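Please have a look at it first, and then I will begin with one residue and its surroundings.

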Amino acid sequence: MESSPQGAVLREVAGIRLRLAALSRRERSLLAARAGLQLVGATALVFLLAAALVSLGASRDLSLLVLGILGPILLLAALLWPLVLRWSSSGRPLGQALRVEGLRPELRARLVTALERGEEAGQPAPADVPALPISLPLLLRASSRAREVLDAVDPAEVHPARPLRPFAAAAAGLLLAVGLATVLMPVGPFQALAAIASGEVAATRLAEGVLVADERALVGDITLTYIYPDAMGLDPIEVPNSNGTIHAPPGTLVEIKARTAEAFDAVAIQVDEQPPQDARLTGGRDIAGSVLVAGKGSWRFVLLRGDQAVRSADFEIIVEADAPPVVQALLPMPQVAVDGSLGIEWAVDDDFGIARVVLEIEGDGETREVELRSPLDPPRSLDGQVRLSPRELGLSPGSKVTLRVVAIDTDQTSGGNRGVSPAMQLEVLGPQQVGARLERYFVELRDALVLVLADFLVEESSLPIANDPAAMVRWVESARLRFDPVQEVMKRQWGDEAPSTAEGEAVRAVISDAAVLFRFTLTAFEVGSGRRVTMADLETFDRLHAQEIVNIEEAVLTLDRVLQSLAMDEVVKAANQLGREAQALAELAQDADASEILARLDQMERMMERLALASERLAEGQLREFLNARLDAGVALVDQIRQALAEGRMEDARAMLEELSRQVQQMAEGLQDQFNQAQEQQDQLGEQMKETIEQLRKLEQEQRAAADKLEQAKKEQGGEFQKQVEAWTRLDELADQALAQASGAVEAAGDGRGWRSDSIRRLEQTRETVSGLRDSVRAREVESSMERVLRAQQRASNASAAVASERGRQRPASEPLPPGVERASEGLRELARSLDEIRELLDELSQQEQSTSPEMARLAREMAREQSELRERQQGLQGDVQEIEQQSPSARGKATESMQRAGESMEQAQQSLEQARPDPGQGQMEQAADGIGEAANELERQQQQMQQEQQSGQQAQGEGGEQPDGQGEEVSRPQDRLEIPPPEAFKTPEEYRRALLEGMEAPVPDEYKALNKRYYEELVRQ
């Protein structure tokens, strides 16, 4: 095969291909060199472009945009342009052969022929394909000749390097331009790219820029956001509309936002004389940057436009050291029962954050801490109340300790700065000490109220009511002072807040109604107003004055009942002790001599003297006379026994001792029986109250259900009926709301000190009119309600003007603005909004057709029979209520009055239903339910007062059980008290809210419901 013509042809063709491959390599190396030169040139262009952009003042964003688009395009085009077009073709042998044919015409296509036909010569031809058009010998000669010529061709001749010279020159020129730009341009190419990459465009330009010292850029709308060090645990704080001054501790990152008056192309922030740091500039005017506070100094903006840099005004950096927290704490009473709540109110303020609050207890030579709060997110202010009892703090009766509230802030560098409250001295009282203190308080309070009562009773027939208004105003000024001793006694015992006990409620009623009396007197007997005192004014004054006397009497009686209970308990205990001593002496006398008997008689006489002293505290009456008579008889018998012993008549003495023992024991048993009987009567009355209250609540519920049934029937009628129901429902809510707002405005005037009588009168008139409006709304009377709402709006407007004048009028220096002016003004504004909505709803109702469908008429008549049955039950319960109030020592007849009003409303409702008038019938049914509910509430008040009086007596006796805390609130034993931990004790806010709801729903005695509500309201504010 190798010596055949075919083999020779194949050898020649293989040699030709080797030579052509060398030519391909030559061409591709030249292409690669060109691409490299173009890449160098393109890179130089990118450098020059970056230098131009930065030097001409382009922002970093613009520079990044331009270079990000043009840079990759130039670089890719320079690298790929020659390679993409010719790289593939340069590797084909036929292409190289054609280039050689062009350089050597003498080849006459032999090279191409040898390349195309040479390989075919070694392959057998298929049967259906014709033979080669050229013979093998000729092909061999052509191939040999082509190879000889190809071997003689220089590859540099086929692919010369001359075309690379322009590219090399261009690349060299561009590199030279880069070098010159580095020297000549404000910002060199390498610096420009580094600045763009790092974001320090402005800082880099400033190194070459010219600062205009006599020009200041105007910058405003500065917002500072303080991001405190992680160790401080504080949330970021944003300060909008800042003056630029930074107040922060070291290590704080301050993010700055601002806006310039003119457009610039770059901005940097400079602290003191440190190198400027680039900031972001959006839209040529909006600046965003940051400063890390390291020390005291100043900072400024440096703004660039072209090759000029302009400074803003300097802003101060004030380094604030983390000061200790400021702690305030108040122990209401220095003496607290061992199971009472301390009631310490505390508040902490810190400049950065509070980490912990503890109660420091110093006493018995040691100091220990009890943690109060440890917030999850350290706040800058925190407050709370210490509800723990001394027993829970590990203290016992008789302990005397010093308390301090200590707060630790979040300053980690110093381990937390400590803020300490002033020292508070605490003495822990035992049950006996608490009892003695309470009894003294009851006596002092009763005596103070008796003096007030005496003043009111003495003046009742001597007041210059009609003929001397000025004297009446002077009377108000002096009468106010009567209550100062009462309030001093209360404050000495309970602090600033009166207790929710029987005597506390009674005194509150005295003070509140006295304020009503004083306000009315100032308005009715205003000097210089030209207003004449009417008979109605005189009747109102008499009524209010008499009511105040009744209130004072009830308060005195409340206290006296507690004191009588204490006295009776002490008398019974002393009598029982005396009886036991008399019996023991009678038994001892059988074997004792005269000297022993005389010694025991001395002891017995001292016990009789103590019983006599205890009896003096009892009220005048048969019990006290009975006790004194028995004591006198006992003393006389003791004298006879002494005489018999002196005469040596031992048997007579022993017999008389037996008689003395029998008399004393009979006396003790009689007293005990009376005490037990009184207790049983009180228990029976309590059970009767409880049963009657349950029946009243049931009747109230059924009466409301009947009204709801009628309302639902009207809703089912649809159309106008449903709209009317919805309107009246909303009117009920608004009327109650309006009355509460008007009452709040009146109460804001207090006892009238610092107010003009005209202002008070207008407030009172407004409340009176709104109260009448509510009655009309409840009765579903459209015309009457509309008339009264118009009158209420007019009076509320007049009252608002009068209150506004209180704020602006001239006052003596000794007369400050009354604190209730703002509260009254706000209440009147809210009232005006409520009255406007009431008027709109009444307008809508007045325009609707007031008609009754046949179905509603039939239902109303059917319900009239049901209403008649409810009325009969009400009459029976009214008799029970009246009987209870006749027996209840704290009754005022209000429950009976409420039942009478409820009966009248039920009767009116029955008549309206019989006449097929469902609208007024429904309103009257709801009024009846309200009256029944008020009666039940009054009985509950009386029941609660009885329980509180009993508890007060137990506490004053020094017995166990519940003890009053230092704030006057009564709390249960520590193990029974429901405590809700602070928010940080829960993982999520939802858990905390759930715990609050569970605590609020927990069952508590009736007398503690109001206290329980107030307790959880305080917890919600934590």
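This is a predicted model: local features need pLDDT of at least 70, side-chain atom pairs count only at pLDDT 80 or more; totals for chains, interfaces and linings use all residues.

F483 touches V452, F456, V510, I511, A514, F518 and E548, leaving aside residues up to four places away in sequence, where a contact means heavy atoms within 4.5 Å. F483 itself is found in the loop between helix 11 (469–481) and helix 12 (484–494), and here helices (H or I, at least four residues) and strands (E, at least two) are DSSP runs numbered from the N terminus. Is F483 buried or exposed? With a relative accessible area of 3%, F483 is buried, given that buried means under 20% relative accessible area, exposed over 50%, and partly exposed in between, using a 1.4 Å probe and protein chains only. F483 also lies 8.3 Å from A448, C-alpha to C-alpha, although 35 residues separate the two in sequence.

Residues are numbered from 1 along each chain as its sequence is written, and side-chain values use heavy atoms, with hydrogens and water left out.

Stepping back to the whole protein, there are 26 helices and 22 strands, and buried residues make up 46% of the 1022 residues. Of the contacts with a separation of 6 or more, 74% are accounted for by residues 24 or more positions apart.

N241, placed in strand 3 (residues 237–242), has a positive phi of about 50° although it is not a glycine, and at 69% relative accessibility N241 counts as exposed. D364, for its part, sits in the loop between strand 15 (354–363) and strand 16 (366–373); its phi is near 55°, a positive value in a residue other than glycine, and D364 is exposed, with a relative accessible area of 74%.

An open sheet of three strands has the order 12-14-17, with antiparallel pairing, two strands being paired if DSSP finds at least two bridges between them. Its edge strands, each pairing on one side only, are strand 12 (326–330) and strand 17 (381–386). Neighbouring strands of this sheet are turned by 10° against each other on average, direction ignored, with axes taken as lines fitted to C-alpha atoms and angles running from 0 to 180 degrees between N-to-C directions. Strand 12 and strand 14 (residues 344–349) pair in the antiparallel sense over five bridges, and Q328 stands opposite A347 in strand 14.

How many cavities of 30 Å³ or more does a search of the whole structure find? There are three, where a cavity is a set of points on a 1 Å grid over the protein atoms alone at which a 1.4 Å probe fits but cannot get out, and lining residues have an atom within 4 Å of a point. The second largest cavity has a volume of about 60 Å³, and its lining consists of L578, M608, R630, L631, G634, L660, Q663, V664 and M667. Helix 16 (622–646) and helix 17 (650–717) are the elements that give two or more residues to this lining, with the largest share, four residues, coming from helix 17.

Technical notes:
On a 1 Å grid over the protein atoms alone, a cavity is a set of points where a 1.4 Å probe fits but cannot get out, and a pocket is an open set with protein on both sides within 12 Å along at least five of seven lines; lining residues have an atom within 4 Å of a point. Grid points are joined across faces, edges and corners, and a volume is the space filled by probe spheres set on the points.
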